[in-house]
Amino acid sequence: MSEAPVLEIRDLHVTFTAHGREIPAVRGVDLTIERGQTLALLGESGSGKSVTAKAVMGLLDQPNVHVRSSVARLAGRDLLTMSAEERRELRGSGMTLVFQDALSALNPVLSIGDQVGELFRVHRGLSRKEARARSIEMLDLVGIPAAARRIDDYPHQFSGGMRQRILVAMAVALEPDLIIADEPTTALDVTVQAQILELIDRLRRELGTAVLLITHDLGVAAEVSDRVAVMYAGRIVESGEVQELYDLPAHPYTAALLAAIPDLERPSSTLRAIPGSPPSPASVPPGCSFAPRCDRATGMCSEARPALRLLDTGTGRRAACHYSEEMLNGALA
Amino acid sequence: MAPSPEPTTAGGRAATAAEPVLRASGLHKTYHGGMLSRGGAVRAVAGVDLELYAGETLGIVGESGCGKSTLARMLVGLERPDQGEVTFRGRPFFTRGGVPRDIRRRVQMVFQDPLTSLNPRMTVHDIVAEPLRVHRLSPNARAMRDRVGELLTLVGLPPDRMNRFPHEFSGGQRQRVGIARALATEPDVIVCDEPVSALDMSVQAQVVNLFAELQSTLGVALVFIAHDLAVVRHVSHRVGVMYLGKLAEMGPAAEVYGAPAHPYTMALMSAAPVPKPQLRGRSRIMLAGDPPSPVAPPPGCRFHTRCWKATERCAEVEPALEAVGDHFAACHYAERAS
């Protein structure tokens, strides 16, 4: 791993101001993604995963949002010292975003050819004709049948799965270093979801792009990611290699999530539900955010917030829990 | 919930004297668009038969547009079928005067999104008390209050919060309010349309467990409609798989999931993401394309356009739902379970 990571973010904070109150949505997140790797950022609604994605893309440049981080680098280029103009150029070519809802992400009054072609015209300075030819290639690549014939169609003429493919085509068109996919399959049916996940994974392998996959679905994360980072209440509470993290969770939240979903093969009598609900970003409990819902919590947990620290598994595993060692040892014993 | 084996419902082959609580036969529903619609009529449900027995959970799975929500609305009488009939303990739902009040009382519904299905300007007390008022189930305000408190306790909400408004509750708690409202009239059947899919994953399990608990204590029969295969497997005794307005397969949960006979069911099971990284790279059935539009369903078998087993016969002759082993499938080439 001598090569610099594609994305390196240290200590990212995002704070929204609403009605004179500060709402910290993201509170110190570190992210590192190597070339050709998929990192799944797993979390429930309100955990700050989508805000993290938008902050990385630089899409939170608004008066009521405060974004800061100590390090932000994309393929060795410093995002912090970059001008707004340089950053804008990077979006769409250096890093791209695949949204959840393709119907609202595409412009309904422009044909698909115009929208995909725009990337080539704006970022690569190609002529309309060249851009059109490249667009057809891209639509072919993502498996749109009869791409040459459908290039002049409008978004509403495509099915949900096809629209999502078009978004993926736009995301990979300029061969970016990083694709951020924000719940790319949540609006899709199961059979179509499988197609899109496979498509993103195939393009990652073929183009060597790094992928940051934002999802709430433990199944989706297990299917395509190399590493997983679990977010809870604005912080990463655990991260590690996918197989290891699912087999031996080192944070009670991860363990509880895995126990709370029904298993297709072994329908058990009752699900191990997590009591309570996730805290609102405006009022996160002191100490460990998960302590009020945690079955391992002690007095220490509600007072001292555990830092995300490297565990000595030798695999780059991190967890933010006072009892991670006990959890790992307990599972092995 | 442990879907306890119920001999009366096991194969769907009701070889016993038990009368179903709810029976739907030959349900059809077509929505005609307005003046501006170009597409034509949407055939949401095109011939569904099912039976629901006391105390069982019937799961219905399917992708968006397969007609499962329309089916749910017909099963509670919110939507009148164009053809076919729903009966409650043998009595028809749709009479000239609408659905009889006492049948409405016995068949209730829980909706997907608790935020939009609860009136934001009513307190939780008023929301849960409304069915009591409509069906005149409480003699006075005091009795009503006590009953609402009882119902809230039953679904795991503190009764002292009944004077608050829906927005003061979390998503999971709001869904509990919706369930309390459905339970208020002591129904025999509750139809749940995607009752947990709007909830956070850490909260889903609480609500799934609540349904299980309510069923075992109250003996209410549930129709549980969802797109999440694992959740449906977990709660259901029997499962029906819908595709484009029809049932593709129907039978005991263990059979349908363990030995699917219809290619669509196989594909659906195979496509579902599994939270087990070690199973990655397993051979999966990848269907091509999206489900066709219900405006113009394909002729013959509705699945033949995406099916790898399809032959000419499938494009011409529509397969009927027939017994395959212990369950039913609508496929000319259904795998006969050994």
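**View 1. Strands 10 and 12 of chain B run side by side in the antiparallel sense.** In this predicted model, strand 10 of chain B covers residues 246–252 and strand 12 covers residues 327–329, with 2 bridges between them. Look for Met250(B) here: its bridge partner in strand 12 of chain B is Phe328(B). Helix 6 of chain B, residues 171–183, packs on the sheet and touches strand 6 and strand 7 (189–193) of chain B. The direction of helix 6 makes about 175 degrees with that of strand 6 of chain B.

**View 2. Eight strands of chain B make an open sheet with mixed pairing.** Going across the sheet, the strand order is 6-7-8-3-9-10-12-11. Why do strand 6 and strand 11 of chain B each have one side left without a neighbour? Strand 6 (107–110) and strand 11 (322–324) stand at the edges with a single partner strand each, so one side of each has no neighbour in the sheet. From one strand to the next, the twist averages 20 degrees.

**View 3. Another open sheet in chain B has 4 strands and antiparallel pairing.** This one reads 2-1-4-5 from side to side. At its edges stand strand 2 (42–52) and strand 5 (91–92) of chain B; each has a single partner strand, so one side of each is left without a neighbour in the sheet. Strand 1 (residues 22–31) and strand 2 of chain B run antiparallel and are joined by 8 bridges. To find your place in that pair, pick out Ala24(B), which stands opposite Leu50(B) in strand 2. Helix 1 of chain B, residues 68–75, packs on this sheet and touches strand 1, strand 2 and strand 4 (83–88) of chain B. Helix 1 points at about 125 degrees to the direction of strand 1 of chain B.

**View 4. Strand 1 of chain A pairs with strand 2, strand 4 and strand 5 of chain A.** Strand 1 (residues 7–18) meets strand 2 (residues 21–33) in the antiparallel sense over 10 bridges. Leu12(A) has Val29(A) as its bridge partner in strand 2 of chain A. These two strands form a hairpin with 2 residues between them, and His19(A) in the turn has a positive phi of about 50 degrees. Strand 4 (residues 65–68) of chain A also pairs with strand 1 in the antiparallel sense, over 4 bridges, and there His13(A) stands opposite Arg68(A). Strand 5 (residues 71–74) of chain A pairs with strand 1 over 4 bridges, again antiparallel. In that pair, Arg10(A) has Val71(A) as its bridge partner.

**View 5. Chain A and chain B meet through 49 residues of chain A and 40 residues of chain B.** The area buried between the two chains is about 3,700 Å², and carbon and sulfur atoms give 57% of it. Which residues of chain A lose the most area to chain B? They are Thr191(A), Glu223(A) and Leu264(A), which together make up 19% of what that side buries. Between the chains there are 19 residue pairs in polar contact, with both residues at pLDDT 80 or more. Five helices of chain A each supply at least two residues to the side that touches chain B: helix 7 (160–172), helix 8 (190–207), helix 9 (218–224), helix 10 (242–247) and helix 11 (252–260). By class, that side of chain A has 22 nonpolar, 18 polar and 9 charged residues.

**View 6. Salt bridges turn up between the chains and also within chain A.** Over all chains, the count comes to 31; between chain A and chain B it is 3. Asp263(A) forms a salt bridge with Lys276(B), with the closest N and O atoms 3.3 Å apart. Inside chain A, Glu85(A) forms one with Arg88(A), and here the closest N and O atoms are 3.1 Å apart. Both Glu85(A) and Arg88(A) lie in helix 2 (residues 84–90) of chain A, 3 residues apart, about one turn of the helix.

Terms used
Residues numbered from 1 in each chain as written. Chains lettered and ligands numbered in written order. Predicted model: local features only at pLDDT ≥ 70, side-chain atom pairs only at ≥ 80, totals over all residues. Heavy atoms only, no water. Pairing = 2+ DSSP bridges. Axes fitted to C-alpha atoms, helices over the stretch in contact; angles between N-to-C directions. Contact = heavy atoms within 4.5 Å. Buried area = accessible area lost by both parts, 1.4 Å probe. Salt bridge = Lys/Arg side-chain N within 4 Å of Asp/Glu carboxyl O. Polar contact = N/O pair within 3.5 Å; in protein donor to acceptor, adjacent residues only side chain to side chain. Nonpolar A, V, L, I, M, F, W, Y, C, P; charged D, E, K, R; others polar.
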